[in-house]
Amino acid sequence: MTDTVQETAVQENADPSQVGVGPPKRALGILSTVALVVAAVVSLFPFYYMVVGSLQSEPNSGVSGAFPNPGNLTLGNFSAIDDRIDLVTALVNSGIFTGGVLLCTLFFGVLVGYALARLQFRGRGIVFAMLLLVQVVPFQLLMIPLYVLIARDYGLSDNYLGMILPFAINSTAVFIFRQYFLQLPAELFDAARIDGAGEIRTLWSIALPLVRPAMLTAVLLTFIGPWNEFLWPFLITKDPAKQPLAVALANYISTVASSVANPFGAILAGAVVLAAPAVALFIAFQRHFVSTDLGSGVKG
Amino acid sequence: MLGRQPIGLLFSAPYVAFLLVVFAIPLGFAVWMSFHDFFFTAPGVAVPHPFVGFDNYRAVLSDPAVLSSFAHVGVFMLINVPLTVILALVLAAALNRAIRGRVFLRVAFYVPYVTASVAVVGVWLYLFNSGGLVNKVLGPLAPDPSWLVNSTWAMPLIALFVTWKQLGFFILLYLAALQNIPKELYESAATDGAGTWRTFWSITVPGVRSATGLVVLLAMITGANLFTEPYLFTGGGGPDGASTSPVLLMYQKGILQGNPDVAAAIGVILTVIVLIIGAVNRWISERGER
């Protein structure tokens with residue numbers, strides 16, 4: 001994952017002159033452009049169709065329905081889904097769930113990532129081995145014992161803590177922090193130690209400001225996990241007042257009672273509300289997947 | 001004794017505690033549960049959970065619904081894994097050459113990955129229901145009964161959906177791997193007069209070999225975890241159970257029907273299969289490195 005972060009930075013330096021030289025390469029260039037355009041259309045069309053469908057007052061699933069028709073536009077689907085799912089409550093629940101996971105991951109993840117990268121202590125190898133091991137154990141396989149422990153034994157069903165607990169520290173984010181802290185030059189830390197700075201001070205005022213891009217990457221990666229998560233909150237929230245939007249919308253889909261005039265319109269309106277924050281955040285910050293000016297901290 | 005910077009222990013302690021509470025203890029508990037007679041009781045009621053040996057495993061392995069759920073995941077992987085590897089590698093290679101619009105394309109491919117399954121399942125349901133846009137376009141070619149209520153097409157459609165949704169992530173993995181192939185290899189191939197296809201096959205494909213191993217492994221783990229899509233697309237594994245997955249059965253047996261011990265046994269079997277797949281995958285890619 002970390003490699004992907006820097007990949008564009010490297011790409012920008014790629015020599016453009018090697019692309020599209022000579023006739024056979026040109027044919028290949030056209031072919032790959034066609035493939036890329038087709039793939040982009042296939043990737044994006046469902047999103048376009050989601051928005052168009054959410055705005056139709058009369059559902060039109062024909063070919064003409066794929067184009068917005070001014071006579072058939074409405075925001076009624078949004079109020080229809082809001083009548084069935086309290087969108088504000090569901091969004092607040094999603095926000096608390098996601099925010100809790102983000103806070104824990106940033107705070108504890110930076111600490112352990114720094115320790116794994118920069119500190120010599122007994123047991124470091126074991127902690128790192130555990131970090132790699134948990135990536136292999138798929139979460140769903142733990143769902144039954146976790147359900148028994150968290151919902152039954154600890155009584156944390158319909159509770160934000162119970163929702164957050166299994167995701168509290170994202171191991172992928174820990175791994176990213178470690179990789180970024182590793183990339184910092186050793187001289188930086190030697191100098192800080194010679195100057196008498198303690199580890200907490202070194203971490204807070206020297207290392208942390210240099211790994212801001214990692215923080216942003218970790219936030220973006222961690223955000224989509226709990227925001228999009230369905231299975232776990234679905235298992236432990238039965239009270240609609242505590243359900244995140246993904247769960248509330250899924251329950252609406254699976255019980256798609258035709259009690260609204262345009263059930264698909266309502267589903268798509270809910271889908272737009274659920275998809276928009278993650279997509280917007282990703283598009284807004286996508287350039288931060290790119291720049292990693294780590295070298296600037298050492299030179300000079 | 002504790003190393004040069006023992007404060008590292010303090011920094012790691014919350015994470016270690018988290019791993020114990022969320023991974024190690026539940027993992028051990030799952031194994032324990034699968035060998036005992038375990039059922040839900042009111043909180044605080046002490047009831048014996050006698051050891052039953054392999055009874056739960058016997059129940060699981062003699063249940064045709066469980067066996068067919070594993071077969072469904074097999075069908076899923078047969079479609080999803082090769083499609084993912086080929087599409088992700090071809091698109092990453094094309095994207096790597098592209099000069100213009102690269103940022104837009106990356107975003108376009110990645111957007112399905114960052115979106116909640118629940119949200120995009122909603123659109124796919126609208127697209128693929130019997131009166132949906134896809135069937136209107138296909139006309140008489142549309143399957144009857146329609147995709148998700150057709151026991152032949154339900155699982156392949158789910159596999160197609162997951163391929164579509166995850167593709168952007170795998171394209172990024174391949175893009176990173178492509179960056180690590182030394183440019184000199186391509187230059188010497190060009191000097192030797194190797195054609196595009198030859199270059200792709202002899203330099204690009206072996207050059208991203210370890211990434212391919214990772215893509216295959218992650219795609220298979222996704223398959224083993226399949227739950228949300230069959231649950232939402234087919235109302236819990238229909239038609240006639242043709243799209244059930246092991247995790248869906250774990251939910252139904254463990255939580256809806258109150259047999260967490262049987263569900264835990266399914267989970268253990270699934271974990272063992274995933275670990276074997278991981279080991280084989282590693283063995284193959286390490287052999288290839290030599």
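Reader: Does Asp63(B) count as buried or exposed?

Author: In this predicted model, Asp63(B) lies in the loop between helix 2 and helix 3 (64-97) of chain B. Its relative accessibility is 19%, and the cut-off for a buried residue is under 20%. Asp63(B) therefore counts as buried.

Reader: In which helix do Arg58(B) and Asp55(B) both lie?

Author: The side chains of Arg58(B) and Asp55(B) meet in a salt bridge, at 3.0 Å from N to O. Arg58(B) is exposed with a relative accessible area of 54%, whereas Asp55(B), at 40%, is partly exposed. The two residues are three residues apart, about one turn of the helix, and both lie in helix 2 (residues 55-61) of chain B.

Reader: How many salt bridges does a search of the whole structure find over all chains?

Author: One of them is in chain A, where Arg193(A) pairs with Glu199(A) and the closest N and O atoms are 2.9 Å apart. There Arg193(A) counts as partly exposed at 28% relative accessibility, while Glu199(A) is buried at 12%. Across the interface of chain B and chain A the rule finds zero salt bridges. Over all chains, the search of the whole structure finds three.

Reader: Which three residues supply more of the area that chain B buries against chain A than any other three?

Author: The contact takes 93 residues from chain B and 98 residues from chain A. Between them the two chains bury about 8,600 Å², with 77% of it on carbon and sulfur atoms. Of the area that chain B buries against chain A, 10% is supplied by Phe11(B), Tyr15(B) and Tyr126(B).

Reader: How far apart are the end C-alpha atoms of residues 153-178 of chain B?

Author: An unreviewed UniProt entry lists several spans of chain B as "transmembrane region", including residues 107-127 and 153-178. Residues 107-127 are 90% helix and 0% strand, with end C-alpha atoms 23 Å apart. Residues 153-178 are 96% helix and 0% strand, and the end C-alpha atoms of this span are separated by 35 Å.

Reader: What separation do the C-alpha atoms of Ile203(B) and Tyr186(B) have?

Author: Ile203(B) lies in helix 9 (residues 196-207) of chain B and counts as buried at 13% relative accessibility. Leaving out residues up to four places away in sequence, Ile203(B) touches Ile181(B), Leu185(B), Tyr186(B), Ala189(B) and Arg198(B). Although Ile203(B) and Tyr186(B) are 17 residues apart along the chain, their C-alpha atoms are separated by 7.4 Å.

Reader: What is the area of the nonpolar surface patch made by Val272(B), Ile276(B), Val280(B), Trp283(B) and Ile284(B)?

Author: One of these residues, Val280(B), has its place in helix 13 (residues 260-289) of chain B. At 40% relative accessibility, Val280(B) counts as partly exposed, and a patch residue needs over 30% relative accessible area. The patch made by the five named side chains covers about 480 Å².

Technical notes: Residues are numbered from 1 along each chain as its sequence is written. Chains are lettered from A and ligands numbered from 1 in the order in which they are written. This is a predicted model: local features need pLDDT of at least 70, side-chain atom pairs count only at pLDDT 80 or more; totals for chains, interfaces and linings use all residues. Side-chain values use heavy atoms; hydrogens and water are left out. Patches are made of residues with over 30% relative accessible area and no salt bridge: like charges are joined within 9 Å, nonpolar side chains (Val, Leu, Ile, Met, Phe, Trp, Tyr) within 5 Å. Accessible areas come from the Shrake-Rupley method with a 1.4 Å probe; for residues, only the protein chains shown count as cover. A salt bridge is a side-chain nitrogen of Lys or Arg within 4 Å of a carboxyl oxygen of Asp or Glu. Helices (H or I, at least four residues) and strands (E, at least two) are DSSP runs, numbered from the N terminus. Buried means under 20% relative accessible area, exposed over 50%, partly exposed in between (1.4 Å probe, protein chains only). Contact means heavy atoms within 4.5 Å. Buried area is the accessible area (1.4 Å probe) that two parts lose on being put together, summed over both. UniProt positions are given in the numbering used here, feature names are shortened, and annotations may be inferred rather than shown by experiment.
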